[in-house]
Amino acid sequence: MFMGPYRNLVLLAMLSVSASMLYGQRKLTGRPARPNNPNISDTLTNTGKPSAKFDKVADIEDYILESIDRDTTFVDTTLTIYKEYKFNYLRRDRFGLMQFANVGQTYNSLTYNLRNTQAIPLFAAQARHFNYFRKEDIQYYSVPTPFTELYWKTAFEQGQTLDAFFTINTTKQWNFSVAYKGLRSLGNYQNALTSTGNFRFTTNYRTKNERYRMRGHVVYQDLLNEENGGLRDEDIEKFTSGDPEFLDRSLFDMNFENAENILVGRRFHLDHSYEVLRSKDSLQSNKLNINHIIGFEDRYYQFTQGTLAAGYFGQAFNSSINDKVTLEDFYTSIGANYSNRVLGDFYASLGYKDLNYGYNKVVQLEDQLVGNRIKNSFTHFDAAYKKRLKEFYLEAKAGINLSDDFEGSYLDAQVSYTFFDHLNVTGGININSKRPEFNQLLFQSQYINYNWDNQAGFDNVNTQQIFAEIRSDRWVNLFLDVSNIQNYTFFNLEDTVDGVRVVKPRQSEESIQYIRLKAQKEFRYGKFALENTLLFQSSNSADLNVPEFVTRNSLYFTDEVFKKALKFQTGFIFNFFTEYHMNRYDPLLAEFYTQTEQEIGGFPRLDFFLNFQVRSARVFFKAEHFNAAFTGYDYFAAPNHPYRDFKIRFGLVWNFFL
């Protein structure tokens with residue numbers, strides 16, 4: 001694994017730097033940070049209230065974070081209910097995701113965001129990508145003094161998770177940051193060990209006159225899971241009945257005990273620009289930037305198994321399994337950005353992409369020759385436009401692959417208007433066409449059932465979506481999207497032969513209409529608050545299965561004690577979704593697939609939390625799923641994969657300012 005031999009050394013170095021920050025810590029002044037503006041199609045949130053004041057050294061607003069789209073925010077040291085939602089392995093709100101039993105395992109999706117501005121297929125093993133840092137997940141920093149953040153949380157049996165981050169500006173123009181996120185957790189079930197690592201390094205530079213700007217990052221990631229295939233069918237009754245003998249989950253014999261999969265990736269990325277034209281007339285404000293991006297990423301996914309599980313996957317070519325697929329992705333583009341105070345901001349770029357996905361052999365089946373490579377080099381054109389006029393804001397972006405063999409395009413446009421300080425209305429469209437996932441087009445395995453080549457047989461997946469959003473802190477936050485999908489491509493349970501489930505990729509023959517309506521509102525009464533998020537959704541096809549209702553409701557109390565030196569929040573979180581044909585997990589593919597054998601849902605999940613904040617340190621305690629023993633053992637994250645039992649976990653997030 002990447003970073004494997006050096007993991008302890010990296011963690012030790014990060015902790016040493018962080019410890020030095022503790023003794024040199026100074027206090028800051030200013031308002032607490034505004035959280036990053038969330039993608040409303042993923043989650044609806046409110047920002048928190050200021051919770052602390054600091055002695056004057058530097059303003060908290062000076063500790064700046066910049067996204068790939070150059071949107072900026074600053075460091076947030078507040079304690080809010082939304083920080084509780086984000087205190088998890090993914091470090092983001094997991095509403096709409098159903099966790100598996102162990103930290104670092106996959107998540108089952110209860111809802112789907114189909115808004116997409118990509119025109120190329122996804123790599124294999126998408127169920128292993130929840131904690132994979134994409135280019136869009138990397139942030140760049142500018143800080144007046146060295147800044148450190150430590151995240152630590154307990155796991156399940158013999159493990160913990162740590163995310164250590166440090167950034168420094170060597171000059172006002174040059175910043176570096178280094179971070180490492182590591183996890184090891186044994187889990188409560190047999191053969192469920194997770195061991196992951198995400199190393200990130202970023203740098204950004206600008207000249208004193210700010211004409212030249214550069215941003216770059218290096219990322220190494222390895223995400224390892226032991227796989228056990230879940231509970232055996234005959235043991236489901238032992239779990240759901242609450243049999244006292246099996247409350248020790250390690251006593252269950254799982255489907256198999258000698259398999260693991262791993263996703264490994266590394267990426268080198270550089271983005272730099274030069275301001276060719278800078279107008280001296282503030283009324284005209286003409287600006288012209290030339291931008292260049294270049295990068296390379298390679299990934300591989302590997303599934304290994306010491307002895308065959310023929311009763312689970314079917315017959316194989318060999319007596320042991322070692323399946324590996326790779327992807328090499330080289331990309332570069334050159335573009336120009338023209339900005340005018342009256343006309344708005346225009347951007348256009350021409351790029352080149354070289355993709356190489358596949359295997360080192362071909363497979364001859366009785367009725368098909370399965371190829372070994374999907375290789376393509378092509379150019380693509382991208383454009384964007386932004387314009388703000390008082391309370392009116394327009395944003396649009398589009399792109400197209402200039403290739404007959406690798407067709408793809410997207411269009412995303414939205415317009416928003418702010419009526420009052422507390423009311424903003426947005427509407428837009430998204431149109432996307434791209435090839436299905438790489439592993440749906442081509443996949444090879446030593447298990448005979450897992451070999452297919454659909455490059456000629458599958459058409460592009462075409463999605464059209466309209467969406468609307470209302471945001472109001474005073475009233476309610478609402479989001480609606482309506483999507484139409486043609487040639488929807490998914491993994492499906494095709495048949496069951498002698499107890500073996502046969503899973504194949506398939507394209508839907510009908511157009512799918514998918515509707516989502518999400519509402520979010522927080523009610524306050526004194527020091528008490530009730531935060532509610534409710535999602536209603538509907539699909540007209542069994543090819544896209546979703547629960548009709550998903551809800552999360554949090555009742556909590558906030559106060560400050562010891563002359564406001566300590567702030568705390570305590571309360572309960574309720575999660576629930578209605579029964580539906582939840583997708584089943586395939587550990588060889590590391591993908592979810594549709595099934596109509598079993599409905600799952602209708603069980604409540606109750607958590608109790610108690611969180612503290614002292615200066616810039618936040619401590620989190622939670623009794624997870626404390627209702628497990630008295631509301632019934634019918635909770636599953638996927639068929640044959642139980643959800644988590646009752647567990648008390650704790651951890652902290654600590655920010656250091658030198």
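Start by selecting glutamate 624, which stands opposite lysine 647 in strand 37; helices (H or I, at least four residues) and strands (E, at least two) are DSSP runs, numbered from the N terminus. This is a predicted model, in which local features need pLDDT of at least 70 and side-chain atom pairs count only at pLDDT 80 or more, while totals for chains, interfaces and linings use all residues. Residues are numbered from 1 along each chain as its sequence is written, and side-chain values use heavy atoms, with hydrogens and water left out.

Next, select strand 34 (residues 617-624), where six of the eight residues are buried, meaning under 20% relative accessible area with a 1.4 Å probe and protein chains only. Strand 34 pairs in the antiparallel sense with strand 37 (residues 647-657) over eight bridges, and with strand 33 (residues 605-614) over seven bridges; two strands pair if DSSP finds at least two bridges between them. Within the pairing of strands 33 and 34, alanine 623 is the bridge partner of phenylalanine 608, and in their hairpin, which has two residues between the strands, arginine 615 takes a positive phi near 55 degrees.

Strand 1 (residues 64-66) pairs with strand 2 over three bridges, among them one that joins isoleucine 64 to phenylalanine 74.

Finally, colour by pLDDT, the predictor's confidence in each residue from 0 to 100: the protein averages 90, but over residues 1-55 the value is below 50. Where pLDDT is low, the predicted coordinates should not be read in detail.

Notes:
Contact = heavy atoms within 4.5 Å. Buried < 20%, exposed > 50% of the residue type's maximum accessible area, 1.4 Å probe, protein only.
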